[in-house]
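Subject: Structure handover

Hello,

Here is the structure for you to look over. My notes on it follow below.

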Amino acid sequence: MFADFDFQVIVEAAPILWRGMLITLLLTAVAIVGGILFGTVLALMRLSRFMVLSVFSGRYVDAFRSTPLILVIFWFYFAVPYVVGRPIGDLYSVLIAFTLFEAAYYCEIIRAGIQSIRQPQVHAGLALGLSQWQTTRSIVLPQAFRNMVPVILTQAIVLFQDTSLVYVVGLKDFLTAADLVATRDNRVLELYLTAAVVYFVLCFISSMWVKRLRRQYAL
Amino acid sequence: MEMKYNWDWSVLLCRLPEDDPTGTSETTFGGTTATAGGAAQTFDTGADCAQPYLDWIVSGLGWTVVVACCAWVITISLGSVIGVSRTVNQPMVRAIATTYVEIFRNIPLLVQMFIWFFVVPELLPEDAGRWVKRELPLPEYWTAIVCLGMYHASRTAEQVRAGIESIPLGQTHAGLATGLTRVQVYRYILLPVSYRIIIPPLTSDFMGIFKNSSVALTIGVMELTAQSRQIAEYTFNIFEAFTVATVLYMMVTLIVVTVMRVVEAKVRIPGTIAMGGG
Amino acid sequence: MIEVENVSKWFGDFQVLDDCSTQVDKGQVVVVCGPSGSGKSTLVKCVNGLEPFQEGIITVNGVSVGAEDTNLPKLRSQIGMVFQNFELFPHMTVLENICLSQMKVLKREKDEAEERGMKLLDRVDLIDQAAKHPAHLSGGQAQRVAIARALAMDPIAMLFDEPTSALDPEMINEVLDVMVTLAQEGMTMMVITHEMGFAKQVADRVVFMDEGRIEDDAGKDEFFGEPRGGRARLFLSKILTH
């Protein structure tokens with residue numbers, strides 16, 4: 001089987017795969033930025049003194065975390081057009097699905113980061129005469145951020161892999177592009193293995209980088 | 001936002017006429033106490049009732065649970081072996097285990113699913129390949145179980161390793177000092193303690209397998225998500241179909257989390273706290 | 001009983017033991033002291049093979065610890081060891097802690113192991129704690145259980161690695177008392193400790209270590225009697241005034 005491994009197929013497919021990779025990267029970037037922004041809002045709601053906000057955020061996070069991503073993708077792909085009243089296209093529905101889904105995970109990361117700062121640290125700040133806000137800004141958040149960054153980046157790598165699931169609604173990301181060529185040219189082995197290698201190299205390098213970062217900024 | 005959508009839960013409750021000759025349905029489902037009554041059992045109400053949708057859901061849930069549980073057995077055994085291998089002294093064993101973890105962790109599950117299903121049978125020796133392709137019953141289900149199990153084993157291995165490494169070296173020394181062998185130290189001290197510590201992350205790993213079993217629909221496994229999409233496509237009652245699936249996933253999650261909390265409390269080492277879940 | 005000859009050990013480039021030689025004869029109690037980082041704990045762990053060493057020879061009861069073909073588990077089962085942080089196994093009860101190796105290494109029956117365990121618990125005055133988990137013991141109690149666990153293997157020698165330095169002051173004596181009794185009964189012991197009262201009471205010799213070397217190795221009376229030179233004196237003056 002490997003004897004007739006045809007590199008030419010891969011070379012010819014490169015432009016299609018590259019366009020797919022751009023979609024994958026776009027999806028990853030939007031979901032990271034959107035997920036962190038909305039996730040921060042959710043985390044602050046979760047930690048807020050207002051029961052309504054806290055409960056809403058908790059339910060939101062529980063709901064998304066117990067539902068498979070594929071089902072969430074289906075939800076938005078099929079249901080959003082009804083809500084909006086018109087078709088919005090597969091790209092937008094998937095972008096919304098990923099952002100809302102990832103927000104639930106980022107919310108938990110950010111909340112854990114903030115809660116990882118021990119109470120005595122806050123007391124120490126207050127004892128020095130800093131105000132509540134000054135303590136939060138100059139003592140709690142910088143430490144929380146350092147604790148969070150590696151986890152946020154690790155989650156980003158998971159997210160990058162998860163974007164391949166848009167295959168189920170036919171959005172032409174990297175994997176779907178590889179799959180299209182694989183079926184078109186009947187070159188399953190070459191294309192799937194290429195996809196695996198590309199994902200592996202990107203994720204492996206990123207995770208090594210995150211690991212180094214973690215060591216560098218270890219508290 | 002105003003939306004134009006006609007909810008109709010009765011679609012999910014209908015029965016095929018042959019299945020339900022009396023013309024009544026006793027089914028109540030998910031809190032919506034709707035008698036399927038006149039709404040449903042005849043073909044002339046349209047496509048809505050053409051299929052036993054409730055049975056599809058039940059069968060989908062069944063397969064989700066079966067696939068997830070079988071995969072979990074692979075995950076926990078393989079993950080333990082690999083996690084332990086990453087903590088032993090032999091550099092060769094450690095290197096193999098690390099390679100496994102890095103490969104299976106850094107390739108998306110869906111890609112692995114395709115490779116197991118479409119590529120691996122081609123790479124097997126001719127006889128084995130033919131057997132997998134022609135004679136193995138339900139090949140997509142077996143593939144999904146193996147793929148999910150091996151994918152998640154890389155994550156569980158990391159939990160097991162972290163659990164073992166969190167135990168102070170003095171414990172190993174104390175075990176060895178009384179004459180236990182390395183294997184006995186793992187068997188009687190390191191593993192019993194670390195499994196207890198890592199119950200929360202193991203629980204979320206299991207939930208991960210359970211949710212990721214939906215990826216198996218890409219190779220034709222008719223699990224819960226696949227069935228709900230199929231119903232959505234047949235009936236256009238997408239909200240009902242996906243709501244049922246979502247609620248079922250949430251219920252299973254709730255049950256598993258509750259059970260694991262009980263287990264955790266039962267086996268907790270007095271005077272200790274468990275590692276936070278991830 | 002325990003012979004240490006010209007032992008050297010490196011952690012990477014860092015030399016932790018530098019040409020150490022000493023011995024513990026049958027029935028002797030040797031106290032090892034020295035500042036932290038002097039290598040005393042490493043030396044003791046070399047004696048039962050918990051730490052490998054690159055040069056020199058250690059023999060216990062005629063068996064070479066560093067040799068390739070030595071059955072280390074068997075050798076270790078004959079040498080009891082007590083650790084600074086007790087190292088009781090947290091998931092087992094006190095009695096299970098004492099029985100584990102009796103059953104798994106010495107292949108004793110459960111009944112026999114438990115009987116022996118209860119006898120030893122009685123000896124360290126903890127018979128009523130048998131069913132508790134280690135987390136529910138005080139430090140002093142835990143360390144006495146650890147001693148009982150080591151004794152359950154019927155060791156020919158005992159190693160103590162700072163057995164009282166993790167304890168609250170009021171618990172130190174309950175552990176030292178057990179150790180003194182043990183010494184008086186003729187147990188061969190190698191004890192890392194800064195408790196010079198213990199040394200004065202039962203030690204035959206005192207070994208002083210500094211920066212990986214054995215700087216002083218003398219009989220008890222000699223060690224405490226005449227003024228010692230250099231580092232040993234400075235060290236003694238510091239710990240004795242505390």
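Let me start with one ion pair. B:Glu158 and B:Arg105 meet through their side chains in a salt bridge, 3.7 Å from N to O. By salt bridge I mean a side-chain nitrogen of Lys or Arg within 4 Å of a carboxyl oxygen of Asp or Glu. This pair links distant parts of the chain. B:Glu158 sits in helix α7 (residues 139–165) of chain B, and B:Arg105 in helix α4 (residues 91–105), 53 residues apart. Helices are DSSP runs of H or I with at least four residues, strands are runs of E with at least two, and both are numbered from the N terminus.

A word on the model before going further. It is predicted: local features need pLDDT of at least 70, side-chain atom pairs count only at pLDDT 80 or more, and totals for chains, interfaces and linings use all residues. Residues are numbered from 1 along each chain as its sequence is written, chains are lettered from A and ligands numbered from 1 in the order in which they are written, and side-chain values use heavy atoms, with hydrogens and water left out.

Back to chain B. B:Glu158 counts as buried because its relative accessibility is 14%. B:Arg105, at 22%, counts as partly exposed. The cut-offs are under 20% relative accessible area for buried, over 50% for exposed, and partly exposed in between (1.4 Å probe, protein chains only).

B:Glu158 has another salt bridge, to B:Arg161, with the closest N and O atoms 3.0 Å apart. Both residues lie in helix α7 of chain B, three residues apart, or about one turn of the helix. B:Arg161 is partly exposed, at 22% relative accessibility.

Now chain C. C:Asp154 and C:Arg108 form a salt bridge at 2.5 Å, N to O. They too come from distant parts of their chain, 46 residues apart. C:Asp154 is in the loop between α5 (139–151) and β7 (157–161), while C:Arg108 is in the loop between α3 (94–104) and α4. C:Asp154 is partly exposed at 40%. C:Arg108 is buried at 16%.

Salt bridges that share partners also build a network in chain B: B:Arg86, B:Glu102, B:Arg105, B:Glu158, B:Arg161 and B:Glu165. Over all chains, the structure holds 21 salt bridges.

Chain C also carries a negative surface patch, formed by C:Glu109, C:Asp111, C:Glu112 and C:Glu115. Patch residues have over 30% relative accessible area and no salt bridge, with like charges joined within 9 Å. C:Glu112 lies in helix α4 (residues 110–123) of chain C. At 41% relative accessibility, C:Glu112 counts as partly exposed.

Last, chain A. It has eight helices and zero strands. Its C-alpha atoms fill a box of roughly 70 × 45 × 25 Å along the principal axes. Of its 219 residues, 46% are buried. Among contacts (heavy atoms within 4.5 Å) between residues at least 6 apart in sequence, 77% join residues at least 24 apart in chain A.

Best wishes

Methods: Patch = residues over 30% accessible without salt bridge, like charges linked within 9 Å, V, L, I, M, F, W, Y side chains within 5 Å. Areas by Shrake-Rupley, 256 points an atom, 1.4 Å probe, with all protein chains shown as cover. Lys, Arg positive; Asp, Glu negative; His and termini not counted. Charge placed at Lys NZ, Arg CZ, Asp CG, Glu CD.
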